Amino acid sequence: MRRLGPLIVLALALWMAGARAEPAPLVSGDYAYGLQDGGAVITRYTGTDTTLDIPASLDGHPVVAIGDDAFSMHAKLKTVTIPEGVKRLGMFSFSCRALRQVSLPKSLESIGEAAFNHCWELREIEIPENVTHIANSAFYGCKKLRRATLPKELTRIEGGVFGGCQELRRIEIPKGVTYIGDMAFYHCRTLTEIKLPDGLTHLGESALGNCDRLRSIEIPAGVTSIEDEVFYDCAALARVLLPEGIKSIGWGAFFGCDALREITLPAQVETVSEYPFTDSGLRKILVAEGNPNYRSVDGVLFDARTDALVAYPSAKPDKKYTIPEGTKAINAHALSYSKSLTRVAMPDSLTEIGEYAFFRCPKLRSVEIPSSVQQIGPGAFSRRKNLAITAPEGSYARAWAEENKLPLSG
């Protein structure tokens, strides 16, 4: 312990030296600023103006950037003009709920994380052509934003940039964009159309989730993965075109797509995660010819490698379903949210029923489980008074039903 004393003293001395080295902010009128990159970086605005023309220079120093939180939470600021010469906007720099109008300079090169986060009254934004970087959540929660113009040379749209922009009806993605991040357009509830550029290679998780009015989407050829929940709860989505190069479908990718009636998995798909099409309007899941990994039997998706039932279309109108002989497993969530099923019969080849396999099947009344089943996952069946399970005496399934207090028949 004695050896720690000098080290602590040294660390404290270094910290104090660093603190002393930090220059005090300069002040010019209502603006605090520091000197960096050959000019003034505004760090704080203390005024109360509702309409503001930020000065191009402070005490003879050209304003080159707006620092983190500089104008954040100014409740009365409604209109702001940022002067030419400013190249960078920092994190949360203009997170002002009353901000309605912003004029950005042609000199601007980057917009920081959450720079205009939750500017509830902002109606439109035109981003200058010199901007090459728009950080995560830059306009997240601008719920009245109706129009956004992006620079033609932009190559990436980061996560959450326009998430929660509930009145954004249409946006043109520049042709050079190759990357769209997680939740980039999440909860853009009035977005009806979006054309993804041909060069796109990544469409992130929940990128278009909760876009209630999005009607159709064509995924470019360079995209190889449909990420988790990418179209989650896109209730109006009726048309989806997947490119031949798609290799994986993420969990919940098309969950809640009520208007979607049919989908075809391309021949190169290798992986389909849990509940990709659950609670949708699908009546038929098809698989392109030549796919060695998956097959469609009467519109139901099976894994050809494991003989497992992967996904039963939620809106398939059949009331009774007999799972084909040779099926060895029912995957997790495979038949959950089935809207019409009343009765399911299982084959003697079945050995496993995955978790939540029959979760929230409101009309399900009868399930026949053979003695071959040796594993049933948690929550496989919703606890319903009107659901009866038929299973042989002495079987694993019967003991499981008794243990989980599910009604037995026969």
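Predicted model: local features only at pLDDT ≥ 70, side-chain atom pairs only at ≥ 80, totals over all residues.
Local features were considered at pLDDT of at least 70 and side-chain atom pairs only at pLDDT 80 or more, whereas totals for chains, interfaces and linings use all residues. Residues are numbered from 1 along each chain as its sequence is written, and side-chain values use heavy atoms, with hydrogens and water left out.

Strands were taken as DSSP runs (E, at least two residues) and numbered from the N terminus; two strands were counted as paired if DSSP finds at least two bridges between them. An open sheet of three strands has the order β4-β7-β9, with parallel pairing. Its edges are formed by β4 (51-53) and β9 (101-103), each of which pairs on one side only. Neighbouring strands of this sheet are turned against each other by 5 degrees on average, direction ignored; strand axes are lines fitted to C-alpha atoms, and angles between N-to-C directions run from 0 to 180 degrees. Within the sheet, β7 (residues 79-81) runs parallel to β9 and is joined to it by three bridges. Val80 has Val102 of β9 as its bridge partner.

A parallel arrangement is also found in an open sheet of four strands, ordered β27-β29-β31-β33. The edge positions are held by β27 (320-322) and β33 (388-390), each with a single partner strand, so one side of each is left without a neighbour in the sheet. From one strand to the next, the twist averages 10 degrees. Three bridges connect β31 (residues 366-368) with β33 in the parallel sense, and Ser366 stands opposite Ala388 of β33.

Strand β24 (residues 294-297) runs antiparallel to β25 and is joined to it by four bridges, with Val297 opposite Val300. Strand β25 (residues 300-303) in turn pairs with β26 (residues 308-311) in the antiparallel sense over three bridges. In this pairing Leu301 is partnered by Ala311, and Phe302 stands opposite Leu309.

Volumes are the space filled by probe spheres set on the points, which are joined across faces, edges and corners. One cavity of 30 Å³ or more was found in the whole structure. The largest cavity holds about 60 Å³, and its lining includes Val310 and Ala311 together with Tyr275, Phe277 and His333. By class, this lining has eight nonpolar, four polar and no charged residues (Ala, Val, Leu, Ile, Met, Phe, Trp, Tyr, Cys and Pro count as nonpolar, Asp, Glu, Lys and Arg as charged, and the others, Gly among them, as polar).

The largest pocket contains about 590 Å³ of space. Of its 25 lining residues, Ile171, Glu172, Ile173, Lys195 and Leu196 are the closest to the centre. Two or more lining residues are given by each of β13 (147-149) and β17 (216-218), and β17 provides the largest share, three residues. The lining comprises 13 nonpolar, three polar and nine charged residues.

With a disulfide defined as a pair of cysteine sulfur atoms within 2.5 Å, the count is zero. The sulfur of Cys119 lies 4.9 Å from the closest cysteine sulfur, in Cys142, too far for a bond. Cys234 is likewise in no disulfide, the nearest cysteine sulfur, that of Cys211, being 5.2 Å away. Cys119 is buried, at a relative accessible area of 0%, and Cys234 also counts as buried, at 0%.

Notes
1 Å grid on protein atoms, 1.4 Å probe; cavity = no way out; pocket = protein on both sides within 12 Å on 5 of 7 lines; lining within 4 Å. Buried < 20%, exposed > 50% of the residue type's maximum accessible area, 1.4 Å probe, protein only.
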